[in-house]
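Hello,

Here is the structure I said I would pass on. My notes on it follow below.

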Amino acid sequence: MAELTGHCFCGAVVWRAAGPMLWTALCHCEDCRRAASSDYVSWFGVRRQSVVWQGPRSFYRSSEKVTRSFCKTCGTPTSFETEVFPHETLLYANTLNDPEIYEPTAHIFWSERLPWVRVNDDLPKHPKGLQHAAQSGKRLLD
Ligand SMILES: [Zn+2]
Ligand SMILES: [Zn+2]
């Protein structure tokens, strides 16, 4: 499997992980939007065990079971991990060295999307998703 690699904006934080991506999804939840200061977040999952980090990261406990990390130098969001799925790390497609390889398969938390975000794709649009799954232990895309 091709290795996945990425870095933050300033380059101080570098990561690599075993491919392929376990799943991909665009998350519209308010937590993700605020944490990334973005219209929505392009996530993918990898096996946590396979992720190798280099560089200075800060960690923020964004909800009871969720920890998000950021580059300590430039502030780029770098990961999401929940105790509910201890074997997975969620990474941001926009930190990939090669973001063109990313293929989203669904929208999640569609119920929280911003009214001015216009999406014209044919992907499934799940009303909930990530946070709901992270709290309840249900499958992410259910
Ligand atoms: Zn950085
Ligand atoms: Zn989210």
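Notes on the model

Phe109 is buried, as 25 other C-beta atoms lie within 10 Å; a residue counts as buried if 20 or more other C-beta atoms lie within 10 Å of its own, exposed if 12 or fewer, and partly exposed in between, with C-beta atoms placed from the backbone. Phe109 is not a glycine, yet it has a positive phi of about 55°. Its place is the loop between strand E10 (107-108) and helix H2 (130-136). Helices (H or I, at least four residues) and strands (E, at least two) are DSSP runs, numbered from the N terminus.

This is a predicted model, in which local features need pLDDT of at least 70, side-chain atom pairs count only at pLDDT 80 or more, and totals for chains, interfaces and linings use all residues. Residues are numbered from 1 along each chain as its sequence is written, while chains are lettered from A and ligands numbered from 1 in the order in which they are written.

Ser37 also has a positive phi, about 50°, without being a glycine. Ser37 sits in the loop between helix H1 (30-36) and E4. Is Ser37 buried or exposed? Ser37 is exposed, with 8 other C-beta atoms within 10 Å.

Finally, a cis peptide bond joins Gly19 and Pro20, with omega about -5°. Pro20 is in the loop between E2 and E3.

Regards
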